[in-house]
Amino acid sequence: MKTHHTLSPDLTVDGIAINVHSLPEAVSSIVDAAQHGDNFSVCTLNLDHVDKLQHHPEFLNAYRRARFVTADGFPIVALSRLVGSHIDRTTGADLVEPVCREAGNNGLPVFLLGSNESTLTMASQRLRRRYKSLDIVGCLAPGQHFEPYSGEADIAIDRIRRSGAKICFVALGAPRQELFAARCLDELTGTGMLCIGAALDFIAGTQTRAPGFSQRYGLEWAWRMMKSPRRLGPRYARCIGTVPQLVARSMPQILDARMRKAA
């Protein structure tokens with residue numbers, strides 16, 4: 001059953017409501033929707049995505065169409081506290097294993113899309129070993145230049161449709177995974193699309209996730225940047241630059257929360 005959070009308001013970022021407040025709520029919401037045969041998508045909002053929402057109208061529209069949005073990033077979590085909303089950080093990497101566990105327990109077949117063949121092979125093997133009842137009905141690694149609206153995407157959609165998957169993990173990176181998931185809302189029936197970034201690489205061991213302490217204290221970005229400074233340095237600099245603007249745009253929510261608290 002889906003967890004309700006009537007006492008804790010949603011944080012809204014650029015018109016996008018972060019409407020899933022914790023990992024357990026995310027898992028129960030996803031499984032409940034999949035059991036009902038719904039089409040839906042799941043997005044995990046971080047500062048990189050906030051920046052893209054400002055400059056990429058199709059990405060914004062994909063987020064608007066998402067059924068479930070979580071907070072992926074401590075700045076988003078901290079902002080939620082300012083508006084009186086208790087939101088826990090829930091990343092794509094956090095979602096995969098508990099969703100697979102519950103998918104296996106509830107007879108919901110899953111599909112893995114993204115990354116590369118060797119990663120998919122290793123990730124699927126490890127997931128099957130950990131969750132004996134999990135039914136992985138398909139894996140597909142698109143080409144490096146995969147586009148959400150292309151012949152290759154048409155083939156991917158057909159593969160997912162034919163597989164009978166109720167849940168599809170989409171590991172294509174932003175914004176491609178969100179755009180593809182939004183397209184699938186129109187072209188698939190009864191499939192939940194979960195945008196999960198590098199989660200399958202972490203499971204396969206082809207990438208190493210930041211240590212637990214850095215995740216707990218909001219320093220995962222710093223750890224990743226030290227591992228790949230040339231690739232991630234400009235991205236994180238851009239993300240940090242979005243924070244003052246994000247706080248300014250959120251000021252009406254913050255002031256409203258303060259007034260409600262004082263009343």
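Predicted model: local features only at pLDDT ≥ 70, side-chain atom pairs only at ≥ 80, totals over all residues.
**Around helix α7**

Now to the helix itself. α7 has 13 residues, and at 1.5 Å a residue that should give a span of 18 Å; the C-alpha atoms at its ends lie 19 Å apart, which agrees.

Which residues of α7 are buried? They are Ala153, Ala156, Ile157, Ile160 and Ser163. These residues sit on the same side of α7, because they cover an arc of only 130 degrees around the axis. On the face turned away from that buried side, you'll find Ile155 and Arg162, both exposed.

And what do the buried residues of α7 pack against? Their partners are the strands β5 (110-114), β6 (136-140), β7 (167-171) and β8 (192-195), along with helix α8 (176-187).

Let's step back to the core. The largest nonpolar core has 41 residues, and those touching the most other members are Ile18, Leu45, Ile76, Leu113, Phe180 and Met193. Our helix α7 gives the most to this core, with four residues. There is also a second, separate core of 34 residues, with Ala26, Tyr131, Phe169 and Ile196 among them.

Finally, the whole chain: it has twelve helices and eight strands, and 51% of its 263 residues are buried. The chain exposes about 12,300 Å², with 54% of that supplied by carbon and sulfur atoms.

Note on methods
Residues numbered from 1 in each chain as written. Heavy atoms only, no water. Helix = DSSP H or I, 4+ residues; strand = E, 2+ residues; numbered from the N terminus. Buried < 20%, exposed > 50% of the residue type's maximum accessible area, 1.4 Å probe, protein only. Areas by Shrake-Rupley, 256 points an atom, 1.4 Å probe, with all protein chains shown as cover. Core = buried A, V, L, I, M, F, W, Y, C linked by side-chain atoms within 4.5 Å. Expected span 1.5 Å × (residues − 1). Arc of directions from axis to C-beta. Contact = heavy atoms within 4.5 Å.
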